[in-house]
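Subject: Structure for your files

Hello,

Here is the structure I said I would pass on. Please look it over before reading my notes below.

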Amino acid sequence: MQEYKRISITKDEIVPLAEKMRKNGVILAMIHGYLDKNGLPNISYEYQIDPGIESYYVEGEKVLPTISHIYDLAAEWPERELNELIDITFEGLDTSKRLFMPDSMLEGQGQIFVTPMSELIEKAHKKKED
Amino acid sequence: MSYIVPIGPYHPSLEEPVHARLITDGELISDAEVFIGYNHRGIEKLCMERNFIQTLVLVERVCGICSHSHAMTYAMTLEAISGIKVPKKGQYMRVITAELERLHSHYLWLGIALHIIGHDSLFMHTWDDREAIMDILEDLTGNRVNYGMVTYGGSRRDVSVEQKDRILKMLAKIEDSQNRLTEFLLSDKTVALRTQGVGVLTTEDAIRIGAIGPHARASNVPVDVRIDAPYSCYDEFEFNKAVFPTCDVFARVVVRCLENIESIKIIRQALDSMPAGPINLGNKIPTIKPGEYMCRHEAPRGQLSYKVVTNGTDKNERVSIHVPTFKNAPTIPTMLKGNSVADAGLIIASIDPCFSCMDR
């Protein structure tokens, strides 16, 4: 069975840990995140140390440092996803362009996909009229 | 002069909706951007509102090609959280279905690649072989797309002696045609002209961007979850990682051809050494304990990961699904740079993308 280890870290430890992992050739499997029942974010950095995963998690922080300068697109896409889906700010991450759909289609930040259909239809009509 | 050429979200050369903006300098692509999210169905959110039995049905519908991979990975995640031990025969049945799924997925991709290259007759021959695999999957599971093979603690269906014979007969047929296809692809001039040196993703770039699965193996990165982090009963079979060093579209074609042969080897071994005993836990409904786990599975397109958080109720607190395309799609701009606009469709298709899967 694949091993899975959870380790709690602070936001200050995120970058040094990523640097250490990258130096050791460890693959960043994914950055996962969700909002718990109280609306607080739980972000975990899943490092692939075969045959297992070491999951380093940070709780309750809405602003985190980016590790995209260390792990490149392997970190940039998951960070942009978390930014657009659950409104987590990654300091230093280039968010000038959208990952999910072009800028012209949806507006706002965080959980943009939860935009009600009625609002989307209204926007489409408005765009047509303009 | 520089132009922006938009491709998609709906375009004849795309299997699924995605939007790419190609920044071109004459006929050559100098840069590219990819936008995803056109097939978002809110499946992760739905998973948080369904119970575990309903979620198993739901996640199988994330993808129409690797449906079994999703159900199997989700089930393995919950089984790990709750300490549920899957009977050996149930694991064998899951692996057989997973490898049949890999075969039909790779045949589907090979057919599409040949179609884009311009070999339409070979595309039809390839899909004829794929049809034989689909028939066997239907015979084995009762379904052609969403197999419903996985249940907590095992598999739903056993394989009969007659079915085993039919599977072995089909494998002999497709092994023969696969060998002929591989020989053709390795020697055909048109295939070479359309694929060799096209859409290069160097080994360094593949590692830097985090490519996975056959896409990474075609860039000479030897990663395969089945071998690197064995799960289910994969450690009981002998097979190789299909790796190829040329890092171009040609390598992606070759790797998938080689993987088909490896999948055939795995299925034969599983059928020959099928253990006796139950395929699942019977009528016992397992209790899902509170916990958290991340499980990885080598789906046809690469590493599929499920991270599930449970809280002791009958519903998921969180299901996070990350599919291989999410890791491989960021390589598209790098591969497109320096290639001609005419090759863009083939290069995007060469990662075997499943955007619907990725958007979930």
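This is a predicted model: local features need pLDDT of at least 70, side-chain atom pairs count only at pLDDT 80 or more; totals for chains, interfaces and linings use all residues.

Residues are numbered from 1 along each chain as its sequence is written, and chains are lettered from A and ligands numbered from 1 in the order in which they are written.

Chain B overall

Chain B contains 15 helices and 8 strands (DSSP runs numbered from the N terminus: H or I of at least four residues for helices, E of at least two for strands). With a radius of gyration of 20 Å, close to the 21 Å that the globule rule gives for 360 residues, chain B is as compact as a globular protein of that length (the radius is taken over C-alpha atoms, and the rule is 2.2 Å times the number of residues to the power 0.38). The C-alpha trace spans about 70 × 45 × 30 Å along its principal axes. Of the 360 residues in chain B, 53% are buried (20 or more other C-beta atoms within 10 Å of a residue's own; exposed means 12 or fewer, partly exposed in between, with C-beta atoms placed from the backbone).

Helix α5(B)

The 22 residues of α5 (residues 120-141) of chain B should span 32 Å at 1.5 Å a residue, and the end C-alpha atoms are 31 Å apart, which agrees (the expected span is 1.5 Å times one less than the number of residues). Buried residues of α5(B) include L122(B), I133(B) and L140(B). The buried residues fall within an arc of 120° seen down the axis, so they line one face of α5(B) (the arc is that of the directions from the helix axis to the C-beta atoms). They pack against α4 (88-117) and α6 (161-187) of chain B. The face turned away carries the exposed D120(B), S121(B) and M124(B). Just after α5(B), G142(B) has a positive phi of about 95°.

H106(B)

H106(B) lies in helix α4 of chain B and is buried, with 25 other C-beta atoms within 10 Å. Not counting residues up to four places away in sequence, H106(B) touches R256(B), E259(B), N260(B) and P300(B) (contact: C-beta atoms, placed from the backbone, within 7 Å).

Contact with chain A

The contact takes 28 residues from chain B and 27 residues from chain A. On the chain B side, β6(B) gives the most, with 5 residues.

Regards

Terms used:
Two residues are in contact if their C-beta atoms, placed from the backbone, lie within 7 Å.
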